[in-house]
Amino acid sequence: MELKVENLTLDEKLTLLCGKEHTMNIEHFDGKLPKITMSDGPHGLRCVRRDENGKSHAVLATAMPSLGVIANSWNRDLAKLDGEVIADECVENSIDLLLAPGVNIKKNPLGGRNFEYFSEDPFLTGTLATSYIEGVQSHGVGVSVKHFCANNYESDRTMQSSEVDERSLREIYVKPFEMTMEAKPWSVMAAYNPVNGVYACENEKLLRKILRGELGYDGLILSDWNAVHNAYKSVRAGLDLRMPFNKNNYADLKNALEKGYITEAQIDEACGYILEFLQKCATAEKKCLTKKEERHALAAKIASEGIVLLRNDDILPLKGDKSQKIAVIGAYSALPAIGGGGSSAVPTFAKIPFLSDALKERCSAEIGFEVGVNSVAYSNAKDAYSLAYKSDVVIVVVGEGGDRLYEGGDRETLILRAEQRLFVRELAKYNENIVLVVESGGVIDLTAFEPYVKAIIYAGYAGEGVNEALADIILGKTSPSGKLAETFPLSIENSVTKGDIGDGLTVSYSEGVFVGYRYYDKHNLPVKYPFGFGLSYAKFEYSDLIVEKTGDTDFIVSYKVKNTSKIGGSEISQVYIREVVPLVARPIRELKGFSKDYLAAGEEKTVKIKLDYSSFAFFSTAYDKWFVENGLFEISVGASSRDIRLNATVSVELPEEHQPSRNRMDSMIGD
Ligand code: BGC
């Protein structure tokens, strides 16, 4: 069927602009429009079905790792696979649009929804989100890249204005959205919050100028749920679809049209985008390529690459032979924290094995399990101490679940609950060989645990495969290969935002482009675990950096990475750029490329990474566009943002007419 705006009555057009629950008011159209359904993501399908009695039931689905863990994997193929698995469950449940992925930047370590986002870095976010989208859409299911834009705080998210300067907006907050345009997302979701005083859904500059104009976006723009405050202003601003249905929106549009505040042409424009979207849904070739029974293993495989080994005082991997006694302690080892609260929580059907059972299945060691203490049960502490005393090594799982990380609120602290901290301190009196596993959707201040443990594994919210993935890592069946996509600062007081979550009306973005590692580097601050950091059981050496110029601003960076150990493993190598003498204040290091490569013991590989105009550009508010300045740029290759192994300097020389009228330094020196 061909869907045309001119075939709709005015009432139908206005109805079309207002959605309904997680679908649209299709009943209203007398069979003229295809029925479509949306579901939340990004960590798996989350949809509710009503039975014949009108009772709603959540559809059970595979709980995939959170986007935070996908980011820690730095693996484009796995991000794509993740999208494909989720799309398959959409196809099986006749879902046309997955409301994911979230690509907001982790500006604030306390961010309540950080687990739903990738990273503090726009390049890493944009790269992995693009792969995720390709994965979903290659199966004929659309995505909604969200939440556009500068939606970095959950506290007062429907009120608090993100006060962000022009350059940071483009370089940090819009950038990941811009990068995902390559994957042609079917829709973009406008955020709840105001940006510089105007609601994102009613913000003409964001929607018309930047998204449609500069980013060239020609898909559907829909609102977050109940994020529209003034329907006709959102039409003017370029928002197509208001979700979900709200009769005030309909009435507001009708009234505004009658009064001439908006024109029928503006309504037709929005309807046009909606109809094109419906057409896409109706004609897409839906493909389901994975089998139900293999998805749990895929979730575990992806998780195993996103789990990060933060510390290892020669205790891991465990031998796991008959002579070894391993104690597994902690409620989270039995009921892991696999995701956060809110619209991304996936009702899983999986029987998640206890970590102790996953270990038992994989080795012949004697394995015991005790809950120890958690907020509801103190009573088992003695049993846990006894088990620890009798064991050679203790694995303690601590963390926080969806009660602390959820949408609609930010965390109050980076510190885990007191009972967990005190318990691990006590436990260390009975056994000094403690491996700490941390499950959380965000940065944790681990200071209180550090003196008492010999290894720290950061699992994040790794989905339903977490315990199999952890068991493989703990026993060395997989060498850990995740690296942090977000800096772990020394404490919240030391962090970029210093705990500021705004005053309810406005929240400051005064750090400018210096978000995440860009901030700690600029101020030369020590951090606990830097961006891009993660340990492996293997050892890697970097050598032979060559930067070949292939165009004015095009280069191929090549270098060798060698596994010098006797264990196979994957290494994530990172390419950072710095402008040596910049026109404007620029970060000391900015990620512009990375590669994750599996290397067998002793193997060496040449990595090649392309740099182009966007790698060198900054957003010039003087020219109101992206701009590359002639001069020297340092290219650094590192194992983390603070472990730079190789350096080279290149010169960028664009024709003179693209440069400022005069070099400032020359004018100071005189001709
Ligand atoms: C969330 C969105 C979600 C939507 C629909 C909102 O509360 O912010 O991310 O997609 O609900 O469920």
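Student: How many aromatic pairs does the structure hold?

Tutor: The predicted model holds 23 aromatic pairs.

Student: What describes a pair of aromatic rings?

Tutor: Two things do: the distance of the centres and the angle of the planes. Take W74 and F594 here: their centres are 5.3 Å apart and their planes lie at 90°, an edge-to-face pair.

Student: Where in the chain do W74 and F594 sit?

Tutor: They come from distant parts of the chain, 520 residues apart. W74 is in the loop between helix 2 (67–73) and helix 3 (76–92), while F594 belongs to strand 23 (residues 590–599).

Student: Are W74 and F594 buried or exposed?

Tutor: Both are buried. Now look at Y458 and F488, which also form an edge-to-face pair, with 5.2 Å centre to centre and 85° between the planes. This pair links strand 18 (residues 455–458), which holds Y458, to the loop between helix 15 (466–474) and strand 19 (506–508), which holds F488; the two residues are 30 apart.

Student: Why does F488 count as buried?

Tutor: Buried means under 20% relative accessible area, and F488 counts as buried because its relative accessibility is 2%. Y458 is buried too, at 5%.

Student: Which residues do ring pairs link into a cluster?

Tutor: The cluster brings together W74, F123, Y517, F531, Y576 and F594.

Student: Which residue lies over the face of Y509?

Tutor: That is K107, at 4.4 Å from the ring centre. For F514, look at K522, which lies over the ring face at 4.4 Å from the centre.

How values were computed
Residues numbered from 1 in each chain as written. Predicted model: local features only at pLDDT ≥ 70, side-chain atom pairs only at ≥ 80, totals over all residues. Heavy atoms only, no water. Phe/Tyr/Trp six-rings, centres within 6.5 Å; stacked < 30°, edge-to-face > 60°. Helix = DSSP H or I, 4+ residues; strand = E, 2+ residues; numbered from the N terminus. Buried < 20%, exposed > 50% of the residue type's maximum accessible area, 1.4 Å probe, protein only. Lys NZ or Arg CZ within 6 Å of the ring centre and 35° of its normal.
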